[in-house]
Amino acid sequence: MAMTKIENTKLLRNEAKEIESAVAVDVSAGASVDYTEKLDGKILLMITNSHSSESKKATILKGNSLQGTEDLEVSIPSGKTYGIVIESGKFENVSGENAGKVIIKGETTDITVQAVELP
């Protein structure tokens, strides 16, 4: 499975908008979220575990800047959706083929991710 791009939903104040479809992520390729020119606290990642009975982990990979020191693992109970706002300095890649992107991998394809840009 090749790395998938997660489409950001860009919200505007006082305007309802449909959220882009969730993207399944796997442990081998994962998926990328565009973080170019975004301020911290402006992108909400929504991570869902669709497995019927087991908790599954999502891993947000450390970025390749000086602040990127360790991956962040989030355990999601079965059937739940968790939201998280991450610090871009720790997780955004600043160089290479994934520059401007945050990479997320799931323990299995039961993990899906959506990204919402807040106004």
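**View 1. I103 sits in strand β9.** This is a predicted model, in which local features need pLDDT of at least 70, side-chain atom pairs count only at pLDDT 80 or more, and totals for chains, interfaces and linings use all residues. Residues are numbered from 1 along each chain as its sequence is written, and side-chain values use heavy atoms, with hydrogens and water left out. Strands here are DSSP runs of E with at least two residues, and helices are runs of H or I with at least four; both are numbered from the N terminus. I103 has 5% relative accessibility, so I103 counts as buried. Buried means under 20% relative accessible area, exposed means over 50%, and partly exposed lies in between (1.4 Å probe, protein chains only). Contact means heavy atoms within 4.5 Å. Leaving aside neighbours within four places in sequence, I103 is in contact with M3, A31, S32, T59, I60, L61, N93 and N98. E20 is 83 residues from I103 in sequence, and their C-alpha atoms are 18 Å apart.

**View 2. F91 belongs to helix α1.** Its relative accessibility is 7%, so F91 counts as buried. Not counting residues up to four places away in sequence, F91 touches I60, L61, K62, G63, E70, D71, L72, I86, K101 and V102. G68 lies 23 residues from F91 in sequence, with 5.9 Å between the C-alpha atoms.

**View 3. The largest nonpolar core holds 21 residues.** Within this core, L45, I60 and I86 touch the most other members. Strands β4 (31-34), β5 (43-49), β6 (56-60), β7 (72-76), β9 (101-106) and β10 (111-117) each supply at least two of its residues. A nonpolar core is a set of buried Ala, Val, Leu, Ile, Met, Phe, Trp, Tyr and Cys residues joined through side-chain atoms within 4.5 Å. In soluble globular proteins, nonpolar side chains tend to be buried together.

**View 4. E87 lies in the loop between β8 (81-84) and α1 (88-91).** With 37% relative accessibility, E87 counts as partly exposed. I60 is 27 residues from E87 along the chain, and 11 Å separates their C-alpha atoms.

**View 5. N14 is placed in the loop between β2 (8-10) and β3 (23-24).** N14 counts as exposed because its relative accessibility is 86%. Phi of N14 is near 60 degrees, a positive value in a residue other than glycine. Most residues other than glycine have a negative phi. N14 and G68 are 54 residues apart along the chain, and their C-alpha atoms are separated by 35 Å.

**View 6. The protein chain has one helix and ten strands.** Their order along the sequence is β-β-β-β-β-β-β-β-α-β-β. The C-alpha atoms fill a box of roughly 40 × 35 × 20 Å, taken along the principal axes. Buried residues make up 39% of the 119 residues. Of the contacts with a separation of 6 or more, 73% come from residues 24 or more positions apart.

**View 7. The protein chain carries 13 positive and 18 negative side chains.** The centres of the two sets lie 2 Å apart. Lys and Arg count as positive and Asp and Glu as negative, while His and the chain ends are not counted. Each charge is placed at NZ of Lys, CZ of Arg, CG of Asp or CD of Glu.
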